[in-house]
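Welcome! Here is a short tour of one protein model, written for someone who is new to reading structures. Take a look at it, then follow the points below.

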Amino acid sequence: MIAVESLAKSFGSIRAVDGINFSVDKGEILGFLGPNGAGKSTTMKMITTFLPPTSGTARIANFDIWENPLEVRAKIGYLPESAPSYRDMNVYDFLMFTAEVRGYDGEERRSRVVRMLETCNLKEVAWQLIDTLSKGYRQRVGFAQALLHDPEYLILDEPTDGLDPNQKQEVRALIRRMGREKCIILSTHILEEVEAVCSRAIIIDSGRIVADGTPEALRSRSALHGAVTLELIGAKDRDAFAELQKIEGVEKVVELTDEDKPGAPAVDNDAEKPGKSSLRVRLFPKKGVAIAQETARFIHQRNLEVDAFTLEKGDLNEVFYNLTRGGQA
């Protein structure tokens, strides 16, 4: 387990991390979320003994970062922000050097490097100077050095930074596989990454933890959680707008436009369905009330023509914005 206790860091008068507490168990992938400057990377650096805390501590497998820094470093795999490396070395030599630092030699050293070249898809650039690689490839080299000794604990700072969409999918799949047996913390400001990879997320803002829960639990704090979005077909359905408000458990009904559907092209519904118009609405539930069944019953009883019926899970972007901009989620 990774246990963080009252961890704090000040740079002069600036309190970058302000006494945070959390723990991460084996088999858990924790997403460490926050806007730029929130304290994510500073926290990672303290946990990995790269940066001494102002106060508080952290333990990796019962090794304290103050008392047992070498044991902590031996237990973890660390991918720092921007994946620093020796750019005047080629990829193979850099990984061989890393393996030697980790205490491997002979065939064991070589086999671990070859395995990482395959795992991180680096074979085709094994003999290139790191300085000549793209940002995405340099990120993969950093990932390879973090995994080389098969650590039980992984601390990954922006692990998919600089990767193209296909590479991101590969890295996320690798993290999910490793997450079954390892204890992983990854920092990110990409909410899509949290939903794709993490079993739990912490949101940090101004050095303090403002939320801690599963992605599903965090989404439930969104105003959209449990709402029902409908597209009704037919001129008579405009008359149904007021009736929708009467559905048991509905707090309010809002008519939507094409602007409420990001990325979707405007649709000329009249051209697609001659003689018919389309009404897009969103029904928001009263707090703690489920309205999907009652809405479906309403539609059935009135024999309404429905083109779309969506039960909203909630918007993690909205929750993140509210929690890191002084709002309430």
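Are F22 and F32 buried or exposed? Both F22 and F32 are buried, where buried means under 20% relative accessible area, exposed means over 50%, and partly exposed is in between, using a 1.4 Å probe and protein chains only. Please keep in mind that this is a predicted model, in which local features need pLDDT of at least 70, side-chain atom pairs count only at pLDDT 80 or more, and totals for chains, interfaces and linings use all residues. Residues are numbered from 1 along each chain as its sequence is written, and side-chain values use heavy atoms, with hydrogens and water left out.

- Let's begin with strand β7, residues 153-157, where five of the five residues are buried. Helices (H or I, at least four residues) and strands (E, at least two) are DSSP runs, numbered from the N terminus.
- Y153, I155 and D157 point one way from β7, while L154 and L156 point the other way.
- On one pairing, strand β6 (residues 76-79) runs parallel to β7 and is joined to it by four bridges; two strands pair if DSSP finds at least two bridges between them. Here L79 stands opposite L156 of β7.
- β7 also pairs with strand β8 (residues 183-188), in the parallel sense and over five bridges. In this pairing, Y153 stands opposite C183 of β8.
- Together, β7, helix α6 (residues 165-178) and β8 make a right-handed β-α-β unit. Right-handed means that, with the strands pointing away from the viewer, the path from the first strand over the helix to the second runs clockwise.

**A hairpin**

- Strand β9 (residues 200-205) and strand β10 (residues 208-213) pair in the antiparallel sense over five bridges.
- D205 has R208 in β10 as its bridge partner.
- β9 and β10 form a hairpin with two residues between them, and S206 in the turn has a positive phi of about 55 degrees.

**Cysteines**

- How many disulfides are there? The count comes to zero, with a disulfide taken as a pair of cysteine sulfur atoms within 2.5 Å.
- The closest cysteine sulfur to that of C183 is in C198, and at 12 Å it is too far for a bond.
- C183 counts as buried because its relative accessibility is 1%, and C198 counts as buried because its value is 9%.

**Aromatic rings**

- The structure holds four aromatic pairs. Rings of Phe, Tyr and Trp (its six-membered ring) pair if their centres lie within 6.5 Å; planes under 30 degrees apart count as stacked, over 60 as edge-to-face and the rest as tilted.
- F22 and F32 form a tilted pair, 5.5 Å centre to centre with 40 degrees between the planes. F22 lies in strand β2 (residues 14-24) and F32 in strand β3 (residues 29-33), so this pair ties together parts that are ten residues apart in sequence.
- Y92 and W127 form a tilted pair, because their ring centres are 4.7 Å apart and their planes are at 35 degrees. Y92 lies in helix α3 (residues 91-101) and W127 in the loop between α4 (106-119) and α5 (135-147), so the pair ties together parts that are 35 residues apart in sequence.
- Y92 is buried at a relative accessible area of 16%, whereas W127 is exposed at 62%.
- Y86, F94 and F97 form one aromatic cluster.
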